[in-house]
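Biologist: Can you walk me through this one? Keep it simple, please.
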There are 4 protein chains.
Amino acid sequence: MNVFPQRCVTSIRVRYAETDAMAVAHHASYLPWFEVGRTDLIREMGYPYKEMENDGVLLPVIEVQANYVRSVRYDDVLELHSFPLEQTGSRLKIGYEMYRDKILVAKGHTIHAFTDKQGKPIRPPKKFLEKLYRLKK
Amino acid sequence: MNVFPQRCVTSIRVRYAETDAMAVAHHASYLPWFEVGRTDLIREMGYPYKEMENDGVLLPVIEVQANYVRSVRYDDVLELHSFPLEQTGSRLKIGYEMYRDKILVAKGHTIHAFTDKQGKPIRPPKKFLEKLYRLKK
Amino acid sequence: MNVFPQRCVTSIRVRYAETDAMAVAHHASYLPWFEVGRTDLIREMGYPYKEMENDGVLLPVIEVQANYVRSVRYDDVLELHSFPLEQTGSRLKIGYEMYRDKILVAKGHTIHAFTDKQGKPIRPPKKFLEKLYRLKK
Amino acid sequence: MNVFPQRCVTSIRVRYAETDAMAVAHHASYLPWFEVGRTDLIREMGYPYKEMENDGVLLPVIEVQANYVRSVRYDDVLELHSFPLEQTGSRLKIGYEMYRDKILVAKGHTIHAFTDKQGKPIRPPKKFLEKLYRLKK
């Protein structure tokens, strides 16, 4: 496993629509948050996902895991950390940690496949790999 | 305004993910329900929306209105009625009523434009109009 | 109708999860955005909704209307304006306008009822009315 | 690990609101589907979750994992299998498999904690355990 230096911090404020009848954020709401963090991470790395899609490269999610450590509530402001964990072949693994007042409330990961528009696995774009490994050279 | 004979009834069970911290269904949850009802209505009319999209015709929403009369809760079973209200040029208006135990809990409408894949307004497909007006001939 | 001076501007970036198979933001996604704008508006007015709920006052939505003028896409940055439109008895009407690059992409309104925790309509809290009418004195 | 005999089958039709700009169901949409399957499973076992909540027992999700094997699209009809995997102390693990035309499209699990209304872990209700272990006696 490579240890990548990138770590992107995104601020997320819990929306009312993201809560459920337990008066806490519904567990499915965290996946769009992870996605927001991932979007920010890739933008910061210098190859925005929107641009990647325009270049014909998709990054569908093939696995997600989330661990819910503490409940979060409407209007809570969370600090989401997103960071690359591993890249092998056409696979990319990204990790996430969420904090409220410096206390971990959730963590997780997603695994993605680089594919073309038809869903066929492809090698990651050279431009993406350069951004990913840039600080390791 | 034409009065169309079609009326489609769909059963909706409220999902936990659709509730919010007030312990009732969140007001945004009703729009996907209306969409489910609309999908059922158009399928029953004999020209499924999926087929319409394959034929290059889209029906984006250009207006939505919803009135929330009574709260609904997790696991409630609702009866959704969907029915055409009006068709003029490239516009289609559909109405909705939701009932729980025969009591109205919400109502609303959506207005749609028939467009091509580029979003340009087009005449409704002849096949759709035949289905819409079939019982009036 | 009173004309209130408050107008709150919120920046919204379209999430991937908020898009649909037409490759634009799904029409239901706008309602949580309006809610984010409303939350910001009420916070700016000086009586955050979270605090209001803690005081036993709820503001459920009893009507929503949205008009979709232009499609918006993943990663678009939108400027959402939220502003009070009318207050009569236990009712509050709030308006919304969304812009992308200064061009209107959507507008709408919500109507709310002030209620207690049991859902019974109540007079708006004096503290809220003071904030609402403060600049008119 | 106990092997439980229960297996609940739920039919899920993909909603348009559940798709994303890749024209497939968004990965976060599967979590509410798992939840629908879980609700059906627990209802079939004879102790509906709504009733459990009324009895003061909650089952928040503390871990979720999902593996996306094949894309699913708008209006696809999926067969969701939900089944208990393990119960130890206050923990309950439930598994899920989704099929389209008998072909696996996704699988996953959730882990839950039995808690009281204040979020404190508690022993599973005797009534629930009787239902869970009933066919093993």
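**Strands, contacts and core**

Modeller: In β4(B), B:I94 is the bridge partner of B:P84. Strands here are DSSP runs (E, at least two residues), helices are DSSP runs too (H or I, at least four), and both are numbered from the N terminus. This is a predicted model: local features need pLDDT of at least 70, side-chain atom pairs count only at pLDDT 80 or more, and totals for chains, interfaces and linings use all residues. Residues are numbered from 1 along each chain as its sequence is written, while chains are lettered from A and ligands numbered from 1 in the order in which they are written.

Biologist: How many bridges join β3 of chain B to β4 of chain B?
Modeller: Nine bridges join β3 (residues 77-88) to β4 (residues 91-100) in chain B, and these strands run antiparallel. Two strands pair if DSSP finds at least two bridges between them.

Biologist: What order do the strands of the open sheet come in?
Modeller: The order is β1(B)-β3(B)-β4(B)-β5(B)-β2(B)-β2(C)-β5(C)-β4(C)-β3(C)-β1(C). That is ten strands, with antiparallel pairing.

Biologist: And which are the edge strands?
Modeller: β1 (8-13) of chain B and β1 (8-13) of chain C. Each pairs on one side only.

Biologist: New topic. What rotation superposes chain C on chain B?
Modeller: A rotation of 180°, with 0.0 Å of shift along its axis and an RMSD of 0.0 Å. The two copies are thus related as by a two-fold rotation axis.

Biologist: Which residue of chain C comes closest to the axis?
Modeller: C:Q65, at 2.2 Å (C-alpha).

Biologist: Now chains D and A. How many residues does each give to the contact?
Modeller: Chain D gives 17 residues and chain A gives 17 residues. On the chain D side, β2(D) gives the most, with eight residues. Contact means C-beta atoms, placed from the backbone, within 7 Å.

Biologist: How do β2 of chain A and β2(D) run?
Modeller: Antiparallel, joined by five bridges. A:V64 stands opposite D:A66 in β2(D).

Biologist: What does A:L31 touch?
Modeller: A:V64, D:H27, D:A28 and D:L31, leaving out residues up to four places away in sequence.

Biologist: Which residues have the most contacts inside the largest nonpolar core?
Modeller: A:L31, B:L31, C:L31 and D:L31, in a core of 96 residues. A nonpolar core is a set of buried Ala, Val, Leu, Ile, Met, Phe, Trp, Tyr and Cys residues joined through C-beta atoms within 7 Å. Buried means 20 or more other C-beta atoms within 10 Å of the residue's own; exposed means 12 or fewer, and partly exposed lies in between, with C-beta atoms placed from the backbone.

Conventions: Two residues are in contact if their C-beta atoms, placed from the backbone, lie within 7 Å. Copies are superposed by least squares on the C-alpha atoms of residues with pLDDT of at least 70 in both.
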